Amino acid sequence: VPAEGVAVDWVTDRSKPFSVPFDVFAADGHLWIAPQWAWSEEEEQHIVAVAPLDIKGANWAGFQQDGCPHELYKKANSVAKYVKFLEDNGFNAVRLPLGAHWVIDNPEVGGACGSYRDHRTLDGLDSVIAALRRAGIFVMLDMHNLVHPKHGSKHWRCVYGTDSSNGCDPDEDDELQLWSAWTVLAERYCTEPNVVAADLFNEPSDATWAHKGEKIDFFTDWPSAASRLGNHVLDICPRWLIVVAGVANKGGQCKDSSSNTYCWWGENFIGHATRPVELSDPSKLVLSPHVYGDTNDGRDYGDANDGPDIWDAHFGDAAAATGTAVLIGEWGGVWDGPEKGPGNTGTRGPTEDFQRRFHAYIKAKGWGDFYWALQDNTFSTGSLYNDWQGHSADKLALLSTSPSTSILELQAGWS
């Protein structure tokens with residue numbers, strides 16, 4: 001259903017991206033886009049000009065840690081250069097990881113942010129989103145952590161006993177931090193035409209996802225929390241897609257499945273098959289697995305047929321059973337390995353084989369994705385822009401066959 005009452009700031013120049021009002025929605029397991037004029041009140045659906053929304057995306061990290069994109073302190077780097085790189089390589093979407101503490105407090109950022117130094121973090125986010133809009137690039141906002149300036153949070157809520165120094169009240173157990181941050185983001189960015197999705201919370205690995213009929217723990221149950229939070233966001237911004245990450249291994253759910261192996265943080269949607277997330281507008285729901293696989297975590301998938309069986313067991317089957325759209329939120333890895341990246345004590349094995357097989361899998365499913373990561377300081381996975389192992393060209397060549405919807409080409413057919 002088209003969003004009503006949202007005064008989106010559509011671009012006035014019809015030759016520029018995001019100048020024709022549109023709706024994005026999920027149906028039949030995929031993402032779609034259509035001009036608003038194609039909506040029929042009588043039919044209660046878009047009746048013409050509906051097109052697949054193929055996402056070829058990259059994660060552009062940094063806001064969750066520094067309050068701005070990483071690596072801007074280097075004189076050779078700039079937002080404009082990164083955006084031009086995305087354009088030149090056919091990327092049409094960016095996932096921007098954010099921190100709730102940065103969003104709520106909106107402090108001034110430091111020297112790591114280059115030209116954004118001494119600006120407030122949301123002013124920098126405004127600038128980045130505007131640069132992406134001018135380039136015809138869609139944006140998905142991702143709540144990556146609650147309070148810690150670097151590492152992700154394993155839980156979407158403040159938990160009893162948590163040290164107050166990290167921003168949570170040790171006497172409370174609530175979702176206020178996350179709700180407050182999404183209120184700020186939805187009110188500020190719903191009118192931005194290229195911001196089309198809200199990734200509610202990154203990798204809630206301490207959460208659970210019980211099957212229908214199983215005992216539910218309110219304090220760890222992620223699907224009910226995602227339903228509450230997703231509906232809260234839709235109340236403010238009904239035009240956005242609501243993107244939900246999976247859980248991990250609490251209760252042994254993945255190991256007990258047909259995969260007989262463990263899930264990555266964010267990979268487990270097994271419970272969605274019988275107890276799905278429920279939104280006020282079901283056409284806005286998108287599942288977003290995170291997958292790194294193969295020797296990146298010590299797994300050995302064996303022959304090429306084993307990978308798809310595992311991925312189906314962890315999320316593909318649940319998506320198919322419920323007809324829910326899928327958008328891969330994170331995947332990637334060090335191409336060669338085993339290596340220790342600069343400043344990184346961890347060791348990663350080679351993932352070229354995994355990446356080729358997983359890319360083939362998601363292409364066959366018709367799913368979009370966000371590769372981790374764009375900027376060149378992601379030592380545990382390598383990067384696209386300037387991979388420290390020297391494999392940017394290999395990764396870009398692999399991704400060159402990914403479908404990528406052009407908003408300008410769509411607009412030309414809509415006008």
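W37, I47 and V48 together make a nonpolar surface patch of about 320 Å². Keep in mind that this is a predicted model.

**The surface patch**
- Where does V48 sit? V48 lies in the loop between strand 4 (45-46) and strand 5 (51-52).

**The nonpolar cores**
- In soluble globular proteins, nonpolar side chains tend to be buried together.
- Here, the largest nonpolar core holds 83 residues, and the members that touch the most others are W60, L141, W182, W222, W240 and F358.
- Which residues does W222 contact, once neighbours within four places in sequence are left aside? W222 is in contact with W156, W209, L200, F201, P204, A207, T208, V244, A245 and V247.
- There is also a second, separate core, made of 26 residues, with I33, A51, I55 and A197 among them.

**The chain as a whole**
- How many helices and strands does the chain have? There are 10 helices and 15 strands.
- The chain has 415 residues, and 58% of them count as buried.
- Taking contacts between residues at least 6 apart in sequence, 70% join residues at least 24 apart.
- The chain's accessible surface comes to about 16,500 Å², and carbon and sulfur atoms account for 49% of that surface.

Terms used. Residues numbered from 1 in each chain as written. Predicted model: local features only at pLDDT ≥ 70, side-chain atom pairs only at ≥ 80, totals over all residues. Heavy atoms only, no water. Core = buried A, V, L, I, M, F, W, Y, C linked by side-chain atoms within 4.5 Å. Buried < 20%, exposed > 50% of the residue type's maximum accessible area, 1.4 Å probe, protein only. Contact = heavy atoms within 4.5 Å. Patch = residues over 30% accessible without salt bridge, like charges linked within 9 Å, V, L, I, M, F, W, Y side chains within 5 Å. Areas by Shrake-Rupley, 256 points an atom, 1.4 Å probe, with all protein chains shown as cover. Salt bridge = Lys/Arg side-chain N within 4 Å of Asp/Glu carboxyl O. Helix = DSSP H or I, 4+ residues; strand = E, 2+ residues; numbered from the N terminus.
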